[in-house]
Amino acid sequence: MIDINATLIAQMLNFLVLVVLLRIFAYKPIVKMLKEREERIAGSIKKADDDAAAAEATLKQYQEQLAGARVKAQEIIDKAEKRTREDHEASMQTTKAEIDQMKHAAQQEIQRERALAVEKLKGQVAALSIAAAEKIVSKNIDAAENEALIKEFIDQLDKDKIGDLPC
Amino acid sequence: MHEIGVRETVQFAGLTFNWETLVMTWISMAIVLLIAILATRNLKMVPTGAQNIVEGLIVWLREQTLTSLGPKGEFLCPLIVTLFLFLIVANWLGLVPTMASPTNDLNTTLGLALFIIVMVHTLGVYMKGMHYIKHFFQPFPIFVIINVIEEIAKPITLAFRLFGNILAGEILIIILLMLAKWAILPSVAWLAFSLFIGGVQAFIFTSLSLAYLANAVKDSEE
């Protein structure tokens with residue numbers, strides 16, 4: 001029942017053959033496939049991580065851009081407001097200056113006209129005075145007549161209405 | 001009817017062979033190869049069906065090997081995978097009517113055990129050199145006697161454990177069948193138990209082989 005014979009050697013060889021065959025037909029392909037699967041899983045995980053990181057980076061970038069845009073928009077609005085205010089102020093100032101200038105010119109004009117009128121009046125008064133004096137001298141009159149003459153002259157002045165100016 | 005203890009022998013080139021054992025071994029080998037090839041013929045990234053089972057077995061044995069032997073033991077993975085698959089198929093083959101387990105012949109089990117032990121010592125000397133030989137003489141040179149007895153005992157226990165379990169199982173199956181027609185229930189129960197024993201013995205043989213190999217291959221620093 002427990003006789004040892006050449007079968008022992010044969011079984012060793014049989015086993016060796018089986019090891020070689022299994023190694024070729026089952027072990028190697030399975031290990032290769034396992035490695036591939038491992039790599040693929042590792043790759044997938046890495047890719048997922050990378051994608052998530054990239055997405056986060058993009059989001060951050062967008063947020064930064066958005067914040068930047070908001071700041072810029074505010075800046076533009078501020079600038080525009082400032083410019084409007086400045087323009088407004090400048091135009092106000094110009095208008096004011098123009099008004100001042102016009103006022104000034106008008107006043108000067110008035111002054112000049114007045115001076116001219118006074119000058120004219122002065123001239124006329126002198127001429128009239130001379131005329132009146134000539135009349136007095138030519139008539140050779142007494143004091144009473146003289147007074148009457150002057151009164152007449154002044155009445156004439158009133159009648160001619162040259163003394164409209166407030167002098 | 002199966003004659004217990006009588007082996008049909010053939011003579012070839014002046015050597016004696018147990019014919020039944022050889023045939024059963026070839027059948028076992030064929031079954032193992034067939035399963036392996038069928039399951040791995042169309043490997044997919046996402047495993048289905050038979051691929052799952054064979055893949056799971058190989059992954060499990062590979063892990064066992066790598067944990068016992070360390071990364072240096074990678075090249076022994078196919079050996080361990082083959083050992084387990086062959087033994088489990090061989091052990092269960094005897095449960096099929098008209099078939100016999102190749103492992104019910106001491107030639108097979110002792111052959112495998114010697115194969116493993118020769119491998120252990122060859123690898124030990126090859127990978128560790130003098131250090132491996134020296135460890136038989138430690139802690140004192142006199143311990144070499146105990147160590148040598150231990151080394152001789154290893155293949156013998158390995159071989160007889162498997163041989164005894166399987167042969168006893170098969171003998172009991174035959175006896176239970178011979179016993180009486182009404183003994184179907186014990187027969188079935190014993191068959192189920194033999195199934196369990198076949199698996200367990202295949203695992204034990206593989207695990208012990210791994211342990212012996214670890215002694216020779218694994219770095220002592222690890």
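Biologist: What does the side chain of N91(B) pair with in a polar contact?
Modeller: The partner is T103(B), and the polar contact between the two side chains spans 2.8 Å. Bear in mind that this is a predicted model.

Biologist: Noted. Is N91(B) buried or exposed?
Modeller: N91(B) counts as buried, because its relative accessibility is 3% and the cut-off for buried is under 20%.

Biologist: And which helix is N91(B) in?
Modeller: N91(B) belongs to helix α3 of chain B, which covers residues 77–93.

Biologist: What else does N91(B) touch, leaving out residues up to four places away in sequence?
Modeller: Besides T103(B), the residues touching N91(B) are S101(B), L162(B), I166(B), G198(B), Q201(B) and A202(B).

Biologist: Let's look at the serines. Where does S194(B) sit?
Modeller: S194(B) is in helix α7 of chain B. S194(B) is buried because its relative accessible area is 9%, and the cut-off is under 20%.

Biologist: Which residues is S194(B) in contact with, neighbours within four places aside?
Modeller: The contacts of S194(B) are L95(B), G169(B) and I173(B).

Biologist: How about S187(B), buried or exposed?
Modeller: S187(B) is buried, with a relative accessible area of 14%. S187(B) lies in helix α7, residues 184–217 of chain B. Leaving out residues up to four places away in sequence, S187(B) touches L176(B) and L177(B).

Biologist: How far is the C-alpha atom of S187(B) from that of T157(B)?
Modeller: Those C-alpha atoms are separated by 28 Å, and the two residues are 30 apart along the chain.

Biologist: Switching topic: which stretches of chain B does UniProt list as "transmembrane region"?
Modeller: The unreviewed UniProt entry gives residues 21–39, 75–94, 106–126, 162–184 and 190–214 of chain B.

Biologist: How much of residues 106–126 is helix in the model?
Modeller: Residues 106–126 of chain B are 100% helix and 0% strand, with 29 Å between the end C-alpha atoms. For residues 190–214 of chain B, the chain is again 100% helix and 0% strand, and the end C-alpha atoms of that span are 35 Å apart.

Biologist: And where does UniProt place a "transmembrane region" in chain A?
Modeller: The annotation, from an unreviewed entry, is at residues 6–27 of chain A. In the model that span is 95% helix and 0% strand, and its end C-alpha atoms are 30 Å apart.

Biologist: Which residues of chain A carry the "coiled-coil region" annotation?
Modeller: According to UniProt (unreviewed entry), residues 45–112 of chain A do. The model has 100% helix and 0% strand there, with the end C-alpha atoms 99 Å apart.

Biologist: Where do D50(A) and K46(A) lie?
Modeller: Both are in helix α1 of chain A, residues 7–139, and they lie four residues apart, about one turn of the helix. D50(A) counts as partly exposed at 40% relative accessibility, while K46(A) is exposed with a relative accessible area of 52%.

Biologist: What does K47(A) form a salt bridge with?
Modeller: D51(A) is the partner, and the closest N and O atoms are 3.5 Å apart. K47(A) and D51(A) are separated by about one helical turn because they are four residues apart in helix α1 of chain A. K47(A) counts as exposed at 53% relative accessibility, and D51(A) is partly exposed with a relative accessible area of 43%.

Biologist: And what about R112(A), which residue is its salt-bridge partner?
Modeller: R112(A) forms a salt bridge with E109(A), and the closest N and O atoms are 3.2 Å apart. These two are three residues apart in helix α1 of chain A, so about one helical turn separates them. R112(A) is exposed at 54% relative accessible area, whereas E109(A) is partly exposed at 37%.

Biologist: Last one: which residues form the nonpolar patch on the surface?
Modeller: The patch is made of F140(B), I142(B), I145(B), I146(B) and I149(B), with about 540 Å² of accessible area together. F140(B) lies in the loop between α5 (130–134) and α6 (144–179) of chain B.

Definitions and conventions: Residues numbered from 1 in each chain as written. Chains lettered and ligands numbered in written order. Predicted model: local features only at pLDDT ≥ 70, side-chain atom pairs only at ≥ 80, totals over all residues. Heavy atoms only, no water. UniProt positions renumbered as here; feature names shortened; annotations may be inferred. Buried < 20%, exposed > 50% of the residue type's maximum accessible area, 1.4 Å probe, protein only. Polar contact = N/O pair within 3.5 Å; in protein donor to acceptor, adjacent residues only side chain to side chain. Contact = heavy atoms within 4.5 Å. Patch = residues over 30% accessible without salt bridge, like charges linked within 9 Å, V, L, I, M, F, W, Y side chains within 5 Å. Areas by Shrake-Rupley, 256 points an atom, 1.4 Å probe, with all protein chains shown as cover. Salt bridge = Lys/Arg side-chain N within 4 Å of Asp/Glu carboxyl O.
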